[in-house]
Amino acid sequence: MPAPAKDTPITVSELAKYDGSNPSLGIYVAIKGDVFDVSGNTSAYGAGAGYNCFAGKDASRALGKSSLKLEDCVADYSVLTEKELETLDQWHAFFAKKYDIVGRVVPDN
């Protein structure tokens with residue numbers, strides 16, 4: 001069971017450091033602005049793993065589109081269809097049940 005959600009501000013550049021490339025840092029994936037700590041699942045999100053493309057960024061659009069393309073790993077999900085928005089909400093709910101929310105993505109400036 002995940003810990004209570006935190007709303008600690010995490011800038012886009014700070015989030016990028018948590019991409020699995022530095023073993024001394026955790027691995028974070030953001031969805032709809034919520035930052036999830038997925039460090040315990042390095043086999044999926046660690047460097048070189050299948051879902052590493054989501055690590056260190058808000059990958060909302062990619063999750064909604066069920067895409068592993070780097071160009072889809074962006075926070076803007078305004079272009080998603082109704083069905084893709086449902087998929088995105090399902091991913092958010094899945095992550096919320098499995099991983100701790102450690103903060104919220106905020107702009108760098």
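Start at the largest pocket, which has a volume of about 150 Å³. A pocket here is an open set of points on a 1 Å grid over the protein atoms alone, where a 1.4 Å probe fits, with protein on both sides within 12 Å along at least five of seven lines. The volume is the space filled by probe spheres set on the points, which are joined across faces, edges and corners. The structure is a predicted model, in which local features need pLDDT of at least 70 and side-chain atom pairs count only at pLDDT 80 or more, while totals for chains, interfaces and linings use all residues. Residues are numbered from 1 along each chain as its sequence is written, and side-chain values use heavy atoms, with hydrogens and water left out.

A lining residue has an atom within 4 Å of a point. Colour the helices next; α2, α3 and α4 each supply at least two residues of the lining. The largest share, three residues, comes from α4. Helices (H or I, at least four residues) and strands (E, at least two) are DSSP runs, numbered from the N terminus. By class, the lining has 10 nonpolar, three polar and one charged residues. In that count Ala, Val, Leu, Ile, Met, Phe, Trp, Tyr, Cys and Pro are nonpolar, Asp, Glu, Lys and Arg are charged, and the others, Gly among them, are polar.

Buried means under 20% relative accessible area, exposed over 50%, and partly exposed in between, with a 1.4 Å probe and protein chains only.

Now centre on Phe-95. Leaving out residues up to four places away in sequence, Phe-95 touches Val-29, Ile-31, Phe-36, Val-38 and Tyr-45; contact means heavy atoms within 4.5 Å.

**The strands**

Show the strands as a cartoon. Two strands pair if DSSP finds at least two bridges between them. β1 (residues 9-11) and β4 (residues 100-106) run parallel, joined by three bridges, and Ile-10 has Val-105 as its bridge partner in β4. β3 (residues 34-37) is antiparallel to β4, with four bridges; Val-35 is bridged to Gly-103, and Phe-36 stands opposite Ile-101. On β3, the antiparallel pairing with β2 (residues 28-31) also has four bridges, with Val-29 partnered by Phe-36.

Zoom in on the hairpin of β2 and β3, which has two residues between the strands. Lys-32 lies in this loop, with a phi near 50°, a positive value in a residue other than glycine. Most residues other than glycine have a negative phi. Lys-32 is partly exposed, at 28% relative accessible area.

**Loops and one arginine**

Go to the loop between α3 and α4 for Ser-66. Ser-66 has a positive phi too, near 55°, and is exposed at 58% relative accessible area.

In helix α3, select Arg-61. Is Arg-61 buried or exposed? Arg-61 is buried, because its relative accessible area is 17%. Beyond the residues up to four places away in sequence, Arg-61 touches Asp-72, Val-74, Asp-76, Tyr-77, Val-79 and Leu-80.

Gly-50 is in the loop between α2 and α3 and counts as exposed at 55% relative accessibility. Leaving aside neighbours within four places in sequence, Gly-50 is in contact with Ala-44 and Leu-68.

End at Ile-27, in the loop between α1 (12-16) and β2. Ile-27 counts as buried, at 4% relative accessibility. Residues up to four places away aside, its contacts include Tyr-18, Phe-36, Val-38, Thr-42, Tyr-45 and Ala-55. Its C-alpha atom is separated by 8.6 Å from that of Asn-41, 14 residues apart along the chain.
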